[in-house]
Structures are given as structure tokens and as C-alpha cells.
Amino acid sequence: LSEGDYGVSLLNDCKYGHDVRGNVIRLTLLRGPTYPDPDADQGEHRFIYSLLPHRGDWRTGTVPASYALNDPLIVRRVSGGGGDSTRLSLLAVDVPNVVIETVKQAEDGQGLIVRLYENERCRGPVMLRVGFPLTGAYRCNLLEENEAPLSIIQNTVRLTVEPYQVTTLRLVPALEDQPSLR
């Protein structure tokens, strides 16, 4: 719920039923259907919700805050690294309206699959910076079949996205620097 320079966003961890009428935001916590399962939604329920005040409209911080609520950061202590304080991200995009949703090993073992999506109804160029050397990058379909090669310039992949588009990429690391997610 936003006006010109201020608003609030309703964040929650599991409920899809919500609505806004005028200046009232409502969240539906339970449904009581009797068909097809007469026992649906009965029992104890746990959920988290939050009101996030923000400057500007919902694009100002709502998506990162909702990810923080629903998918908290997992921190692991690892050994090694040699004390090098210059660390690179595995992946990063240069625009705030594109979210890296999934990074996983390709099903056929040939590189990494990256799924990202545009979340602000905007089209335009995106630069995906990669923290390791690449030998190839491809647009793929959801079955991870390569569809079109993408250009790589200094470990940066350039692509264009459409409003609300889900994009699947295959990144092929240089063999000596291939990251493993296993």
C-alpha cells in the first residue's frame, strides 16, 4: 500500500490470501474448505508476518526484505581461503529489478544453471557478473536445453529481459576453476 513517497508492504511466510481496500490491508490466515478435503487447514498453524514501512513505492526494498523473511541466509564457516580479503560473489546482477532465484548444478553435469526473474514489470539489459572464469553461457529452457549462446566479456554475461520474465541460463566454468555446489 503506497502513496507517492511512502508506503507499507505486508510480508508473510506462507499465506497467499491478502487484499487491499482503500487504506486497509488484510491477510487471510485460514480457509475452511470442506471439499475436496473436509479436514483441510485444521490443527495448529504457525506463520510469520510483518509490516515493512518504506520510502517511495514497494520497489524500495520490499523484495529483498521478503526474501530475508522467507529464505534466511545460511552461514557456514569454511576453512581455507588463505586470508585473502578480496572476495568475489559467486553471481551478481547490476539492476535491482532482476532477482537471482536459483543456482544449481546442471542435471547433465555440464556447468551451473541459474534462474532469474524480472520483478518490477521492466524490460532492459542486465549484466550478470560471475566470480569465476567462464568458457560458455547459454539461454536455456526449463528442461535445461541450450537455446541461444550469450556473449561473455570478462566473466560478465549480458542479456536482455522482458517484464516479469523468468530466464534460465547455463554457465559453463573454465575446467580448472569449476565451482561445485555439491
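Asp-57 and Arg-59 form a salt bridge, with their closest N and O atoms 2.3 Å apart. Both partners sit in the middle class of accessibility: Asp-57 is partly exposed at 25%, and Arg-59 is partly exposed at 39%. The model is predicted. The count of salt bridges comes to nine.

**Salt bridges**

- Side chains of opposite charge can pair when their charged atoms come close.
- Asp-19 and Arg-26 meet through their side chains in a salt bridge of 3.1 Å, N to O.
- Arg-26 is partly exposed, because its relative accessible area of 42% lies between the 20% and 50% limits.
- Glu-107 bridges to Lys-104, and here the closest N and O atoms are 2.9 Å apart.
- Glu-107 has 66% relative accessibility, over the 50% limit, so Glu-107 counts as exposed.
- Shared partners link some of the bridges: Asp-19, Arg-21 and Arg-26 are joined into one network.

**Aromatic pair**

- A pair of aromatic rings is described by the distance of the centres and the angle of the planes.
- The structure holds one aromatic pair.
- Phe-47 and Tyr-49 make up this pair, with ring centres 6.2 Å apart and 25 degrees between the planes.
- The pair counts as stacked, because its 25 degrees fall under the limit of 30 degrees.
- Phe-47 is partly exposed, at 30% relative accessibility.
- Tyr-49 is exposed, because its relative accessibility of 52% is over 50%.

- Strand S1 covers residues 6-12, and five of its seven residues are buried.
- S1 is therefore largely enclosed by the rest of the structure.
- Strand S4 covers residues 49-55 and pairs with S1 in the antiparallel sense.
- Seven bridges connect the two strands.
- Within this pairing, Gly-7 stands opposite His-54 of S4.

**Thr-156 in strand S12**

- Thr-156 belongs to strand S12, which spans residues 156-161.
- Thr-156 counts as buried because its relative accessibility, 12%, is under 20%.
- Beyond its neighbours within four places in sequence, Thr-156 is in contact with Met-127, Leu-128, Arg-129 and Ser-151.

**Fold and overall dimensions**

- From the N terminus, the elements run β-β-β-β-α-β-β-β-β-β-β-β-β-β.
- The radius of gyration is 20 Å, whereas the globule rule gives 16 Å for 182 residues.
- The chain's value is well over that of the rule, so the chain is more spread out than a compact globule.
- The C-alpha trace spans about 55 × 45 × 40 Å along its principal axes.

**Burial, contacts and surface**

- Buried residues make up 30% of the 182 residues in the chain.
- Take the contacts between residues at least 6 apart in sequence: 65% of them join residues at least 24 apart.
- The chain exposes about 12,600 Å².

Conventions:
Residues numbered from 1 in each chain as written. Predicted model: local features only at pLDDT ≥ 70, side-chain atom pairs only at ≥ 80, totals over all residues. Heavy atoms only, no water. Phe/Tyr/Trp six-rings, centres within 6.5 Å; stacked < 30°, edge-to-face > 60°. Buried < 20%, exposed > 50% of the residue type's maximum accessible area, 1.4 Å probe, protein only. Helix = DSSP H or I, 4+ residues; strand = E, 2+ residues; numbered from the N terminus. Pairing = 2+ DSSP bridges. Rg over C-alpha atoms; globule rule 2.2 N^0.38 Å. Contact = heavy atoms within 4.5 Å. Areas by Shrake-Rupley, 256 points an atom, 1.4 Å probe, with all protein chains shown as cover. Salt bridge = Lys/Arg side-chain N within 4 Å of Asp/Glu carboxyl O.
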